Structure formats: structure tokens, C-alpha cells
Amino acid sequence: MALFNSNATKKMVMNDPVDTLFDKTSSQLVGKPITRVDGALKVSGQAAYAAEYHRDGQAYGVLVGATIAKGKVKKIDAESVADIPGVIKVVTDAQHFLRNSQQGGELEAPTQGAVEVAYHGQPIAVVVGETFEAATEGAKALRIRYEDETDNAALDFDKALADAHEVDEDAGSDNNAEQGNPEQGLKSAAVTLDRTYTTPSQSNSPMEPHSTLAYWEEDKLTLYASNQMVAFSKKQIADALDLKDDQVHLISRFVGGGFGSKLGISPEIIAAAVAAKQVERPVLVMMTRPQVMEATVRRSNTQQRIAIGCDENGVIDTLIHDTISSNLPGEGFFEPAGLSTHFLYRGENRRVHYKKTDMNWTLAGSMRAPGEAVGQIALECAMDELACQLNIDPIELRRRNEPEKDPSQDIPFSTRQLLACMEQGAKAFGWADKHNSEPASRQEGDWWIGTGMAVASRGNQLLPAEARATLQLDPTKTFGVKAVIESDMTDIGTGSYTVFSQVAADLLGLPIDHIEMTLGDSALPASSGSGGSFGAASAGSSIYLACAKLREQIAEKVGLHADTIQLTQGQVQQQGEHQASLLESGVETGKAVLQSAADAVLKSVDTAAQKAGLDSDLGSDKNNSTDYFSDSSSHALADIIASYEDQKLSAKGQIAPGKNGKTHRQACFGANFAEVAVHRYTGEIRVKNMTGAFTAGRILNHKLATSQCYGGMVFGIGSALMEEVIHDKHDGRLCNHDLAEYHLPVNADVPQLEVILVEEDDPYTNPMHIKGIGETAISGAAAAIANAVYNAVGVRIYDFPITLDKLIDHLPD
């Protein structure tokens, strides 16, 4: 039996547009709205999350957070909890404990140290107990003495604005940029708008709290954690604990939401590892809801200036977007609110600029659609106000400012379907019939009714990723074979297990239940992780390439061409009418021999060549020979796999970004439409309905993509009307650190949502032609609601969220 190199790898760097094999597969599972393949595991409780793993001898740890906003820890009195039954130890590590979480994509540990206190709630100790209850009692009773410097803490953003400083652009995801003369252009414009908007801090609030189970086996650390980017976080853990990479094993198979808060490691991970080392037992540390909100990350609050200059017809000449955000001292992350402002509208004079204030608040970091989610609140509300000022329909104003190229870089768009999104969304919503340009002109009983729209945009990214695909015999499967797909990619609720199964099933011609998806383990090939709307495209492309390599190996094995084979229902066949010749020379004599030998089994290509009277070395490489198969037009995939010595066939796929990301602006676009009702006496706001139309390249699963859009639009409701983290300006406490006081949209707040997925194909993005959609839908959603509120009552709110106290004194008679 022939052997095969199991380390075969197919690599791709996106330097040119590429075709996709999805156009050539027969099963066409990609795009279908199939139900989640892991759904049964989840509803039956068999999908284990971090806190649900258990090890013999396991103990429980509860974090203890600082009760001052700034200062130093003088003494942690372990004796104060010594008499509490079940308390094992008070664990501290002034050197290794994390001051705060790490950002996504970083390879080093975040700021460490448990002596200097930088914010209220900063973890400084962990109490370990035989039970969670004992550890909780100990954590509440633990006495700590501080050198309190809260009086010198920066706790008031408005006061800190005077000390705002330039950002470190190398530490952010956007850069300051200026073209032409924006301030002079604004002064010279026939029509101008210059407004300042403020947005509050927001909490990521994933359903699953941050949790880690840690245990040591000699010098090797294993952690079950709730984490979005396994490969990066493994390196962060190793750096934080002075370990080598091969000493850390991180497992995160199911994640109950993250929205950016689990991109990097968080304090409980290192606390659990340190505690497990000190007590020489497995230790589970699970954050409480207040700790999640106090000690992981928040979306930064912002102050944004939007200034627009245009002619009498609304054609924009000048566009300015200046942002000030906040973060802990020494942290580089800043909220990139102007990411899409660079390319969303035309304008010869342009500026996007960032500053940052240092605050003694919870770490600011990525939260779903970092940048666009709050940046497009400001930009799209300003565009709506400009449309009203010019008495132009908001859709028409945007149409007039549609750029032919990216105006910030003078490069073409890979695709840009914004006009299609506006047109299809407006038609489905009934914009032409519902929207009245005159505000406060429609009333139903005690409710003012208004409509608003805003566009959405989110830049597309591709990150390096690797995956492995293995075909192996499995007699329990209908076709006797299964595909095992391996990647450290995580599923944070977005459907990774499902969409990757669809990709593999399509390319390998197998039913979906013949795909075994193994994810979320650092021992597997390293992927991009899940976040930033790059997960499906990056990790998915590596899986695609691994499967494509398997197709090439199979084609060579049976003597067909990789670009003409068809894998379907466990069979390998020639595609269409094209007969792949075993003799690539295409010599007529060879064709005649193949035809005459159609009813016979040929042992090898060399045999065929000899009968044709030709010299051929096609079959001379016995490691890649076709000596097992005849020229039959169909082969059972199981028979092919059985022909290998270990009865397996493996390949890896590697994807990397290339020139396409620089030669073409890649982005998703969309349009949000909202109808609201505002109570004439109380100012209460109810969202009556919303419609969103979005592009995201090819769609891997219409049901899951639609669900992602639903989630984004619900996020928009929260951003517009209720979400706001409130820090006490006197002592730095987070005043609303639980879901009772931090208001999120619930069922009663969410109307019927309609999602339209606008067809698009983008060959510049990746070999699957897909883009991420989860963050596009939130971008602009809040602005559409805010614009609808203005249309309902004629009141512009520049300080978000729009709560009834900001409206009640300004409602129309």
C-alpha cells in the first residue's frame, strides 16, 4: 500500500483575487440555514464550559478586589479568615497577579502587580476554600490595609479632558490622518455642521462569567478557561508566569459570549494558576457578575467632534472626526471611533484624530465593533442633522456623497454595496411611506411616532491561521469515512462548529454528520481566534485550504486533476464531461489506451504508459502513486483512505493576509432603519420595528448570519437608549455593577427585527469570499434609533444614551 506525507500543507497569501471551490462543489451546503451542529449538546447540558470541568481534589477560589481607586496595598491580613471553616489559604502574588486584562492579539502579559492599586475592584488576592461558599465567605471577611490615594485619582472625565494627550498610534487599531486643510475647508463651506457627541462607558456583559480551572502536573500548567483567542492567550499566560510555551495548555471549547472581553487573558486566569501552584491542588476561580464588570474591560466613553462642510446640494467637501477616549494610566488602547470615517463618505479635506485621558477606571478595551459602534453614532447622527438642515432625504444625502474610491487612500473598494443596502432596506421597511421629513408631525394616541435611518460600515480583516484536516475510516458513518477538523479556534456562540462543518462537508463531499469538528485547544493548530469579525474568515480559510489540499491528494491518488474532481456522497468522480487523463501529456496514443482499457483494472500509471509505448515517470514516485486504482470514473472515498498504511489522510492549511489588504479597501456595509414611539408626557421611548440590510461577502450560513445581525441590532437598542457604566466620581466605585442596575435590552424592549442579507461576492478577501458580519449590524443601529427619536419629537440628543430625563423638558406641546 502506498504511503503519503501526512504533513502536506497548502498555503495561501492573499496577494491577488482568487476563485473559490464553492462554485465547483456539488453538495452546496455552504450558505444553507442549517441548524447548529452543537445545538443538541448545548440544550442537553453536554457542552462543557470552563466552570463545568472538574478535577479530583478541586478547590475553589474567589477574587478579592481593592476597595480604593488609587494607592498601595500595605497589608493583607490572612489571619482574619483563618477561623472560617473550609478556607484553605489566602493566595497573593504581588509580582504575577494581573493588574488588568490584556487586549486581544497581544503576545505579552498585560500590566502586572498587586501592590499598586490603579482602580476600584482591581484583584489583589484570591481566597481558596474547600467549597465555593467557604471561599466566598473568606473573601468577604478578608481585611486589607491600604495607603489610600483616592483623593488624587482621576475619576471625573470632564475634568480630565484638560489633560488629554496624544495617543500611541502603534498601540491602536487606527491612525491619525489628515488630508487637505480641514479647518479652512470648514470655514469656506457654503453649509456647515459642527457638533460634539458624548457616549458613555459600556460593559461587554457576556452571559458566561470569566472562569478558569487551573492545575499543574509537575511544571506543566493546564487551564480550562473562557477565552476567545487561544493561541495569543497561551503566550500571554506563559509570559505572565515566566513559563515556556510548551508548559502551558489552554482549553476553551465552548465560550458563553465574550464581545471582546475575553480576547486576552483576564485576572482570574493567572490567579487560578498561582493558587493551584501554592495549594498544590486544582483550583477553579469564577468571577462574580460585579467582578466581571469591575475587573475585566469596558468600552471606553468618548467625546467626539463631527464637523462637516458641504455645498448647497449636500456634496461634502470637508469631514472632521476628532475623538477623546479614556483608559488606565500606561495603557495604549484607545477607542478607534473614526475607523469607518476614513472611507464612508467623500470629501477632499479630511481629518481623523485621537486623544486619550488617563483615568482610574476599569480597563478600556475592545467591545463588539470597537470604534464603529460609537463612532457611527456620532457620524450618522450628524449626517441626519445635515440632511434635515438641507431639507434632503437622508438616503439621498448619502447617495450624493458616495465615493468612487476610498477617499483617504485613493484605492478602489474590493466591493461596495452600500447603495444596494439602502435601497433594499428602505423598500422592506417602507421608508417612502413611513418617513415624514417634518419632525413631530405624526401622533398615535399619546405617542409621537418617528422614523430614522443610518448606514453601517465595518472594515474587513484577515489574520494568519492554520488548521488540520484528516480523513479516516469510520464504519459507523454511512459512507465509512469521516473528516476530523482541528483548530484552536473558539466558538463564542457565533456558530464556529457549524459553519466550519459546512465548509469541510462541501469541499470533501460528505454529509454534515460525517464532519468531526475539534476546536478550542492550544495543542491544535493555531488560528486567529474569534473576535473582530475576522474569526470565520481567517480560521475558516485555513480549514478550507486544508480540505483543498486533501482534494489534491485524492485527485493525484486516483489519477484525476484536482480542479476537475467532484467529491459527493462519499464518492470521488470526474467533474462534468471533462475526462482527466492519467497521462498529463495528453498524447492521443495515451487517450486511446485509456479508452481501450476502460473495462480493465490498471495497476499503475506506469502500466498505462508502457501500453501506450510512452516513457513516463508520472507513476515513479511510489509515495504518491496511483497504483491502487483503475481509471474507473468513480471511487469510494473510504476505499481510497483504506489504501494508506495508517488508513488516514491528513493535510494542513495556512492562510495569511497579503497585498490585497493594501491595494483594495475591504469592508462590510449596511443600512439600519428604525421606527420609534415617544410618549408625549413621560418621554418614554419604545422601538416599534427595525430593518437592517447588510453585506458580508458570501454567507456561510444564512440562519446564523441573520442571528448575528439580530444581536447587533439589539446592541444598537442598548447603546441608543439604556447602556451606561457609571463610575462614582468620588471613590471610583462602579455604581451599577450588575444586571439589575446596568440596563440591557430585554424581550420587552426588542421589536420584530427584519434582516436582509444583500448578495455579494468578494474575491479579494479570502478563498471563501466571505467577510465577518457580527459587528456590521451594530454599527449605525443606535444612530438610526436616535434619528427616529428626533423625527418623532424634534429633539436632538448629543449625550448618549437617550433617556427620558433628557427629553421630558423639551417635548412638543
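The points below cover helix packing, some backbone details and a few individual residues.

1. A word on the source before the details: this is a predicted model. Please read every value in this note as computed from that predicted model.

2. Let me start with helices α12 (residues 496–508) and α13 (residues 535–558). Their axes come within 9 Å and cross at roughly 20°. An angle under 35 degrees counts as roughly parallel, and α12 and α13 are therefore roughly parallel to each other. The crossing of this pair is right-handed.

3. Which residues in α12 meet α13? On the α12 side they are Phe500, Val503, Ala504, Leu507 and Leu508. Their partners in α13 are Gly535, Ala536, Ala539, Gly540, Ile543, Tyr544, Cys547, Ala548, Leu550 and Arg551. Sorted by class, the contact of α12 with α13 holds twelve nonpolar residues, two polar ones and one charged one.

4. α13 deserves a point of its own. This helix has 24 residues, and the distance from its first C-alpha to its last is 34 Å, close to the 34 Å expected at 1.5 Å a residue. Of the 24 residues in α13, 21 are buried, so the helix is largely enclosed by the rest of the structure. Glycine 559 follows α13 and has a positive phi, near 80°.

5. Is serine 533 buried or exposed? With a relative accessible area of 15%, serine 533 is buried, since the cut-off for that class is under 20%.

6. The contact of α18 with α19 divides into seven nonpolar and three polar residues, with no charged ones.

7. In the loop between α19 and α20 (804–807) you will find proline 801. The peptide bond that joins phenylalanine 800 and proline 801 is cis, with omega about 0°.

8. Next comes α10 (418–429). The twelve residues of α10 should span 16 Å at 1.5 Å a residue, and its end C-alpha atoms are 16 Å apart, which agrees. Buried in α10 are Leu418, Ala420, Cys421, Met422, Gly425, Ala426 and Phe429. What do the buried residues of α10 pack against? Their neighbours are α9, α11 (431–434), β21 (447–459), β29 (667–679), β30 (685–694) and β31 (752–757). Just after α10, glycine 430 takes a positive phi of about 80°.

9. The loop between α9 (394–400) and α10 holds aspartate 410. Although aspartate 410 is not a glycine, its phi is positive, at about 55°. Its relative accessibility is 57%, so aspartate 410 counts as exposed; the cut-off for that class is over 50%.

10. Phenylalanine 157 lies in helix α3 (residues 157–160). At 9% relative accessibility, this residue counts as buried. Leaving aside residues up to four places away in sequence, phenylalanine 157 touches Asn301, Gln303, Ile324, Ser325, Ser326, Thr357, Met359 and Trp361. Its C-alpha is separated by 23 Å from that of leucine 339, which is 182 residues apart from it along the chain.

11. Finally, glutamate 183 sits in helix α4 (residues 182–188). With a relative accessible area of 31%, glutamate 183 is partly exposed. What does glutamate 183 touch, not counting residues up to four places away in sequence? The answer is Arg305, Ile320 and Arg351. The C-alpha atoms of glutamate 183 and glycine 309 are separated by 9.5 Å, while the two residues are 126 residues apart along the chain.

Technical notes. Residues are numbered from 1 along each chain as its sequence is written. This is a predicted model: local features need pLDDT of at least 70, side-chain atom pairs count only at pLDDT 80 or more; totals for chains, interfaces and linings use all residues. Side-chain values use heavy atoms; hydrogens and water are left out. Axes are lines fitted to C-alpha atoms, for helices over the stretch in contact, and angles run from 0 to 180 degrees between N-to-C directions. Helices (H or I, at least four residues) and strands (E, at least two) are DSSP runs, numbered from the N terminus. Angles under 35 degrees count as roughly parallel, over 145 as roughly antiparallel, 65 to 115 as roughly perpendicular and the rest as oblique. A crossing is left-handed if the near helix is turned anticlockwise from the far one by less than a right angle, and right-handed if clockwise. Contact means heavy atoms within 4.5 Å. Ala, Val, Leu, Ile, Met, Phe, Trp, Tyr, Cys and Pro count as nonpolar, Asp, Glu, Lys and Arg as charged, and the others, Gly among them, as polar. The expected span of a helix is 1.5 Å times one less than its number of residues. Buried means under 20% relative accessible area, exposed over 50%, partly exposed in between (1.4 Å probe, protein chains only).
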